[in-house]
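Subject: Structure handover and notes

Hello,

Here is the structure you asked for. My notes follow below it.

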Amino acid sequence: MYYGENKIPSKIILPNKVDDVIEVYLRKIKGKKVSIEIPKKGVSKDLLNLVKKNLELMLFGDYKKIEDLAKELKFNELPRVIECFDISHLSGTDTVASMVQFRNGKANKNNYRRYKINTVDKIDDFAAMKEVVFRRYSKLKKENLPMPNLILIDGGKGQLSSVMEVLDKLELKLVVISLAKREEEIFVPGRKSSIMLPRKGEAFLLVCAIRDEAHRFAINYNRLR
């Protein structure tokens with residue numbers, strides 16, 4: 001189908017054998033010899049492996065990250081939609097919050113949100129986090145919109161407890177974790193000890209990337225204000 005509309009090369013490298021009639025058909029259209037090669041080793045095989053690797057990275061690379069995260073944290077379902085919050089202020093003034101959303105491991109910028117914090121006029125990240133989480137999920141609940149599979153909070157046990165308190169008030173049972181900056185450790189509700197993800201693993205790289213993106217988005221809004 002592809003070569004019905006595109007230039008036909010003199011050699012085509014494939015991973016599996018195809019019917020000989022295809023080679024005959026392509027030769028007839030091109031008017032010259034067309035060879036189809038199914039390599040077992042050598043340069044052509046290396047090229048084929050490179051194509052396969054690039055395809056896997058392009059189509060499934062981000063998907064593997066959420067699979068790895070689900071495996072490491074023993075989730076019952078894949079965190080296809082992850083929402084992350086971050087708080088930013090200038091010495092306690094102009095406090096703002098950001099929410100970034102990642103869908104299937106990729107930033108979904110159409111669903112990014114930024115908030116001016118209205119109920120906090122001093123340095124109180126816990127109170128600011130409570131406000132933004134309440135505003136976000138009370139709205140989704142009221143409008144009967146889909147909830148995320150995972151909420152990621154920038155912070156430690158205190159921020160995590162604040163968020164769980166809000167979700168309990170809203171009568172929402174959502175999966176929440178927090179990522180503390182100092183040791184990059186993860187806290188999970190109901191678990192005393194933190195979780196340290198493998199530093200070179202896909203799960204660790206994903207949560208750090210999401211947290212950093214939320215931080216960047218919040219700081220940009222703070223500077224704008």
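Which residues does Asp154 touch, not counting residues up to four places away in sequence? They are Phe85, Asp86, Met129, Gln159, Leu179, Lys181 and Arg211, where a contact means heavy atoms within 4.5 Å.

Before the rest, some notes on the source. This is a predicted model, in which local features need pLDDT of at least 70 and side-chain atom pairs count only at pLDDT 80 or more, while totals for chains, interfaces and linings use all residues. Residues are numbered from 1 along each chain as its sequence is written, and side-chain values use heavy atoms, with hydrogens and water left out.

Overall layout

The protein chain has five helices and nine strands; these are DSSP runs numbered from the N terminus, with helices being H or I of at least four residues and strands E of at least two. Read from the N terminus, the order of elements is β-α-β-α-β-β-β-β-α-β-α-β-β-α. The radius of gyration is 25 Å, well over the 17 Å that the globule rule gives for 225 residues, so the chain is more spread out than a compact globule. That radius is taken over C-alpha atoms, and the globule rule is 2.2 Å times the number of residues to the power 0.38. The C-alpha trace spans about 75 × 35 × 35 Å along its principal axes.

Of the 225 residues, 40% count as buried. Buried means under 20% relative accessible area, exposed means over 50%, and partly exposed is in between, using a 1.4 Å probe and protein chains only. Among contacts between residues at least 6 apart in sequence, 56% join residues at least 24 apart.

Asp154 and strand E7

Asp154 is located in strand E7 and counts as buried, with 7% relative accessibility. Its side chain makes a polar contact of 2.6 Å with the side chain of Lys181. A polar contact here is a pair of N or O atoms within 3.5 Å; within protein, one must be able to donate a hydrogen and the other to accept it, and residues adjacent in sequence count only if both atoms are side-chain atoms. By contrast, Val24, 130 residues from Asp154 along the chain, has its C-alpha atom 61 Å from that of Asp154.

E7 is largely enclosed by the rest of the structure, because five of its five residues are buried. Leu150, Leu152 and Asp154 point one way from the strand, Ile151 and Ile153 the other way, and all are buried. In a regular strand the side chains alternate between the two faces of the sheet.

Neighbours of E7

Strand E3 (residues 81–90) pairs with E7 in the parallel sense over four bridges; two strands pair if DSSP finds at least two bridges between them. Cys84 has Leu152 as its bridge partner in E7. E7 (residues 150–154) is also joined to E8 by four bridges, and these two run parallel. Within E8, Ser178 is the bridge partner of Ile153, and Leu179 is that of Asp154.

Strand E8 (residues 176–180) is mostly covered, with five of its five residues buried. E8 also pairs with strand E9 (residues 185–187), here in the antiparallel sense over three bridges. E8 and E9 form a hairpin with four residues between them, and Glu184 in the turn has a positive phi of about 55°.

E7, H4 and E8 make a right-handed β-α-β unit: with the strands pointing away from the viewer, the path from the first strand over the helix to the second runs clockwise. Gln159 is in helix H4 (residues 157–169) and is buried at 14% relative accessible area. A polar atom of the Gln159 side chain lies 3.1 Å from the backbone nitrogen of Gly156.

In helix H5 (residues 202–224) sits Glu213, which is buried at 14% relative accessibility. Leaving aside neighbours within four places in sequence, Glu213 is in contact with Val100, Phe102, Lys109 and Tyr112.

Cysteines

There are zero disulfides in the structure, a disulfide being a pair of cysteine sulfur atoms within 2.5 Å. The sulfur of Cys84 is 11 Å from the closest cysteine sulfur, in Cys208, which is too far for a bond. Cys84 is buried at 0% relative accessible area, and Cys208 is buried at 10%.

Regards
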